[in-house]
Amino acid sequence: MTDAPVDVTVRDDREASRYEAWDADTLAGFARYLRVGESVIVFVHTEVDPAFEGRGIGSQLATFALDDARARGLAVVPQCPFFARFIQRHPEYADLVAEGPA
Ligand SMILES: CC(C)(COP(=O)(O)OP(=O)(O)OC[C@H]1O[C@@H](n2cnc3c(N)ncnc32)[C@H](O)[C@@H]1OP(=O)(O)O)[C@@H](O)C(=O)NCCC(=O)NCCS
């Protein structure tokens with residue numbers, strides 16, 4: 001079955017400025033970010049390997065990254081359309097979105 005959900009391990013690679021989703025030792029996707037000052041994180045691009053698309057990996061990346069932003073007290077700028085849409089569909093994260101220009 002090619003579209004079964006996959007449980008990945010997500011981790012923050014701060015040197016590469018991206019959250020990475022690993023299926024065992026295979027990199028299945030990542031969410032790239034920029035840090036602005038001490039308190040803002042801008043999500044700029046999310047990419048899931050085509051072999052893994054549509055299996056919940058983008059959602060796991062967004063959930064982990066947004067939970068982490070909350071835990072660290074960071075405001076979020078969802079420049080990446082995938083993150084913007086994810087937050088629209090999960091309004092429990094709307095309060096994280098930074099107001100005004102980043
Ligand atoms: C967009 C992308 C990251 C989604 O990853 P994924 O692992 O397939 O996502 P999930 O399986 O968790 O699906 C989450 C939702 O994202 C939606 N989605 C798919 N492509 C999307 C896109 N380009 N923008 C916004 N939402 C998208 C899906 O329809 C799904 O919605 P649903 O839960 O209501 O069905 C992946 O398809 C991808 O890498 N696409 C190519 C690069 C790209 O377009 N990146 C986004 C712009 S930065």
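## Strands β2 and β3

Strand β2 (residues 18-23) and strand β3 (residues 26-36) pair in the antiparallel sense over six bridges. Helices (H or I, at least four residues) and strands (E, at least two) are DSSP runs, numbered from the N terminus, and two strands pair if DSSP finds at least two bridges between them. This is a predicted model, in which local features need pLDDT of at least 70, side-chain atom pairs count only at pLDDT 80 or more, and totals for chains, interfaces and linings use all residues. Residues are numbered from 1 along each chain as its sequence is written.

Within this pairing, glutamate 20 stands opposite phenylalanine 30, alanine 21 has glycine 29 as its bridge partner, and aspartate 23 has threonine 26. The hairpin of β2 and β3 has two residues between the strands, and alanine 24 takes a positive phi near 55° there.

## The other antiparallel pairs

β1 and β2 also pair in the antiparallel sense, over five bridges. Aspartate 12 has tyrosine 19 in β2 as its bridge partner. These two strands form a hairpin with four residues between them, and serine 17 in the turn has a positive phi of about 55°.

β3 and β4 are antiparallel over eight bridges. Glycine 29 stands opposite valine 48 in β4. The hairpin of β3 and β4 has three residues between the strands; in its turn, glycine 37 has a positive phi of about 60°.

## The parallel pair and its crossover

Strand β4 (residues 40-48) pairs with strand β5 (residues 75-78) in the parallel sense over four bridges. Here valine 40 stands opposite alanine 75 in β5. From β4 the chain crosses through helix α1 (residues 57-71) to β5, and this β-α-β crossover is right-handed: with the strands pointing away from the viewer, the path from the first strand over the helix to the second runs clockwise.

## Sheet and overall fold

Five strands form an open sheet of mixed pairing, in the order β1-β2-β3-β4-β5. Its edge strands are β1 (9-13) and β5, each of which pairs on one side only. Neighbouring strands of this sheet are turned by 30° against each other on average, direction ignored. For such angles, axes are lines fitted to C-alpha atoms, for helices over the stretch in contact, and angles run from 0 to 180 degrees between N-to-C directions.

Helix α1 lies across β1, β2, β3, β4 and β5, and runs at about 35° to β3; residues are in contact if their C-beta atoms, placed from the backbone, lie within 7 Å. The protein has two helices and five strands, which follow the pattern β-β-β-β-α-β-α along the sequence.

The C-alpha trace spans about 45 × 30 × 20 Å along its principal axes. The radius of gyration of the protein is 13 Å, which agrees with the value near 13 Å for a compact globule of 102 residues. This radius is taken over C-alpha atoms, and the globule rule is 2.2 Å times the number of residues to the power 0.38.

## Shell around the ligand

The ligand is surrounded by 15 residues, the closest being Val48, Glu53, Ile57, Gly58 and Ser59. A residue is near a molecule if its C-beta atom, placed from the backbone, lies within 6 Å of it. The elements that give two or more residues to this shell are β4, α1 and α2 (81-89). β4 provides the largest share, four residues.

By class, the shell has five nonpolar, six polar and four charged residues. Ala, Val, Leu, Ile, Met, Phe, Trp, Tyr, Cys and Pro count as nonpolar, Asp, Glu, Lys and Arg as charged, and the others, Gly among them, as polar.

Conventions:
Contact = placed C-beta atoms within 7 Å.
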